[in-house]
Amino acid sequence: MTEQEIIARYFFRELSSNYIAQSIGDDAAIVNIPPGQQLVMSMDTLNANVHFPYSSTSLSIEGKSAWHTSAFDIGYKAVAVNLSDLAAMGAQPIWVTLSLSLPELDTAWLEQFSQGLYSLLDKHQVSLIGGDLNHGPLSITIQAEGLVPSGKALLRSGAQAGDLVYVSGELGTAAYVLQQLKASDADKIDESHLCKLLPALTQPQPQISLGLALQGIASSCLDLSDGLLHDIQRIMKASQVGMTLDVQTLPVAQIIRKMVSLKEMARLALVGGDDYQLCFTIPATKKAELITIGKKLQVSLTEIGLVTESQQLELRHNPLENKTSLNGFEHFHKNNC
């Protein structure tokens, strides 16, 4: 099967968007930007055995089958992490491009991968308009682009002293699931519980509707990918402010609360990573409006702290005494290798 045949079979769709003048089939895509809108762009790469476990052959550890990610979930998550970035900017996703490197031609894998990819693209009416396909180690790079009214994008740099700090959804679930998948059978929780929690890791839900609703309300915003403690300091740095967070208020799934200690629960919520929820600040005067948004969208929103002038981060009711346990994810940190 040739490159063009693979593209035609697995990735080509008829498009019906006024924003797209030319899509797959030429050397480059052509898009139209409506008047009064700004283009928001994001790009993320997922590499095999860095962002997800993968092998083209059957894996086993000490005679037992090892877990690795399905092609469907890889395609889904590659889209999700990019749309989550656009959600954090308050942008409406419109189209994506894809660069896919494959170690071998596996039509069954490609079929599942493209289904996972399009399951989320179709849900949010986002078009795949081009990209690149080549041979090499499995790697997926997606560039996602969206639109936001001029001057309305959510940034990290607008937090002010006195603002309230919020997060959407629950924290630490993806990290807990990954921990369970790597654990020995004796240490694993009930399989039915694990199945309920698994989508947080394999199929996270980008908070697009919430991001759009936060336009004109949030003073700063970002999505949580490397752990709350690590990511929230990016808002502090960009806004030149401090924050006080109450660790007791961090939202953690009830199933996990029943299974782990207070220290482990705090660690998962603070530095677990892979949450893809939104963390944002709002003026206190916007609290009632935010509560209404949460009810309308049926999204859990939790107040976890306060913005201060100190430019320092204070953690209240923190059961973790060992500061080395509060390191977030860094690609080039020696402890990640």
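**Buried rings, cores and salt bridges**

F11 and F113 are both buried. The model that shows this is predicted. Elsewhere in this model, the rings of Y166 and F280 have centres 5.8 Å apart and planes at 10°, so this pair is stacked. Y166 belongs to strand 9 (residues 164-168) and F280 to strand 12, so the pair ties together parts 114 residues apart in sequence. Y166 is buried, and F280 is buried too.

In total, the structure holds four aromatic pairs. F11 and F113 form one of them. Their geometry is edge-to-face, with 6.2 Å from centre to centre and 75° between the planes. F11 sits in the loop between helix 1 (3-10) and strand 1 (20-22). F113 sits in helix 3 (residues 107-123).

The nonpolar cores come next. The largest core contains 54 residues. Within this core, the residues with the most contacts are F11, L100, F113, L117, I140 and F280. Helix 2 supplies the largest share, ten residues. A second core is separate and has 39 residues, including M243, V247, I304 and L320.

Leaving out residues up to four places away in sequence, F280 touches L164, V165, Y166, L210, L214, A218, S220, C221, L290 and L301. Y166, the stacking partner of F280, is thus listed among these contacts.

Helix 2 has 18 residues. From first C-alpha to last, helix 2 reaches 26 Å, close to the 26 Å expected at 1.5 Å a residue. Of its 18 residues, 16 are buried, so helix 2 is largely enclosed by the rest of the structure. Just after helix 2, G90 takes a positive phi of about 75°.

Charged side chains were then searched. The whole structure has seven salt bridges. One of them joins the side chains of K77 and D274, at 2.7 Å from N to O. K77 lies in helix 2 (residues 71-88), and D274 lies in the loop between helix 10 (262-271) and strand 12 (278-282), so the pair ties together parts 197 residues apart in sequence. Both K77 and D274 are buried.

An α-helix has 3.6 residues a turn, so residues three or four places apart point the same way. R267 is partly exposed, with a relative accessible area of 24%. E264 has a relative accessible area of 18% and is buried.

R234 and D226 also form a salt bridge, at 3.2 Å from N to O. R234 is partly exposed, at 29% relative accessible area. D226, at 16% relative accessibility, counts as buried because the cut-off is under 20%. A network of salt bridges links D226, D231 and R234.

Conventions
Residues are numbered from 1 along each chain as its sequence is written. This is a predicted model: local features need pLDDT of at least 70, side-chain atom pairs count only at pLDDT 80 or more; totals for chains, interfaces and linings use all residues. Side-chain values use heavy atoms; hydrogens and water are left out. A salt bridge is a side-chain nitrogen of Lys or Arg within 4 Å of a carboxyl oxygen of Asp or Glu. Helices (H or I, at least four residues) and strands (E, at least two) are DSSP runs, numbered from the N terminus. Buried means under 20% relative accessible area, exposed over 50%, partly exposed in between (1.4 Å probe, protein chains only). The expected span of a helix is 1.5 Å times one less than its number of residues. A nonpolar core is a set of buried Ala, Val, Leu, Ile, Met, Phe, Trp, Tyr and Cys residues joined through side-chain atoms within 4.5 Å. Contact means heavy atoms within 4.5 Å. Rings of Phe, Tyr and Trp (its six-membered ring) pair if their centres lie within 6.5 Å; planes under 30 degrees apart count as stacked, over 60 as edge-to-face and the rest as tilted.
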